[in-house]
Amino acid sequence: MPTLGWIKETVEDRQAEREPIPTPKPPSPVRCPECGATVEPGELAAHLSLRHPVARPLLVLAGHAAPSQLVLRETPSEEAIAVANCTAITLFSDGGEPIETDLDGLASALSAEQGHFVIELVNARASDSASVSAIYRINIRVADAAELGEVDREFADRLALDAVNLAAIRAFADACAPLATAADYTDALANYVTGVLAKDQDPATGVTIEFSAFKERFQKALWVLSEYPGRRLPRVVCAAVRMNINDFRRGLPRSGVESLDACAEFLTGLAKQESPVHRPVLPPGDAHAAACPVDRATYEILEIFSRLHDGVLSDQVLDRLRSCAEASTFSPYDRVKCRALLASRYLSIGDTRAAIEPLQALEHDPVFTAWATGALAESGRDG
Ligand SMILES: [Zn+2]
């Protein structure tokens, strides 16, 4: 039986009856809006992020990139404030409404007012929506210069003494309590002297905190006082603190106290492997006026340092230095300083054999490792 049947179309036949499938035109290259280079259309995003990454916006204070949080103890000048890689600035000051501003607005706000500022910097790329932002929190707490001067005078009267004690620190804090704008400054100085008492552990001073607490007290003092580079007393205290914690790798700012500066300079030279020359210096007690108290170990080290170049006393001084290098009343930092001075003294008088022991003890010290390792290698070749 014949059958009538539908002619089975092939898929191709059916397709042929419809619109032909539009074959896409080969895409034409596009121009990069940033550099004008021609790139394949699908590649533009990759090209933009690879060739024109959006840089993080930066707040620049006095020529340095600012950390994301900081306390300023001095009002910055308008000229000291700058931004980089920044297309928009939003300023939040002390709980107020956010203000969209520009560099001039930011600079005049920061240089005019004290208080707490949050600054949002945005760097947006014009050609697409990519952007990077950075938040800065800045606390501007400027002490009154007259009040700082008053604190310095109270410090000189009450604490720049040989026989300083806990009662004197309390009296200093009480006397400075009305000087409200200098409260952080007063606290920092009190922390430093408390650290000195902790380090000395002399029961006669009324010290109540333990030896190991000295480091934290000194650090607290350093954080605040290093913000006052223009004042003499903070410079001395900061130099004494940095000497205490062997902060020699970046070089110490000069304090104006000769024995402290000379010793710090010499140890910094060793740490940086610069073959420092031991220059003659007066003992620390021979200064014209007492600047600030130091702990006994630091005083002893400065004393020894001032006599190290003295050829006649050399043996006696080396004996003292040797016993200080092992003294249990010294902090590990102080023993390290003594070993460094001892080894460098032996090396300078040509006694390489005697230098080996203190050098070996310094091989793994974070500050003096490079110098000690180099000196040991050299003495191995010589010996
Ligand atoms: Zn480009």
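# Reading a predicted chain: a tutorial

Mentor: The chain contains 14 helices and 10 strands; these are DSSP runs numbered from the N terminus, with helices being H or I of at least four residues and strands E of at least two. This is a predicted model, in which local features need pLDDT of at least 70, side-chain atom pairs count only at pLDDT 80 or more, and totals for chains, interfaces and linings use all residues. Residues are numbered from 1 along each chain as its sequence is written.

Trainee: What is the mean pLDDT of the chain, and which elements have the lowest and highest mean values?

Mentor: The term pLDDT denotes the predictor's confidence in each residue, from 0 to 100. The mean for the chain is 88, and 90% of its residues reach 70 or more.

Trainee: Which residues of helix 13 are buried?

Mentor: A residue is buried if 20 or more other C-beta atoms lie within 10 Å of its own, exposed if 12 or fewer, and partly exposed in between, with C-beta atoms placed from the backbone. An α-helix has 3.6 residues a turn, so residues three or four places apart point the same way. In helix 13 (residues 352–362), the buried residues are A355, P358, L359 and L362. Seen down the helix axis, they fall within an arc of 105°, so they line one face of helix 13; the arc is that of the directions from the axis to the C-beta atoms.

Trainee: What is the order of the strands in the open sheet of 3 strands?

Mentor: Two strands pair if DSSP finds at least two bridges between them. The order is 4-3-6, with antiparallel pairing. Strand 4 (64–65) and strand 6 (81–84) stand at the edges, each with a single partner strand, so one side of each has no neighbour in the sheet. Strand 3 (residues 58–61) is joined to strand 4 by 2 bridges and to strand 6 by 4 bridges. V60 has A65 of strand 4 as its bridge partner, while L58 has A84 of strand 6.

Trainee: Which residues form the covered face of strand 6, and which the uncovered one?

Mentor: In a regular strand the side chains alternate between the two faces of the sheet. In strand 6, I81 and V83 form the covered face, and A82 and A84 the uncovered one.
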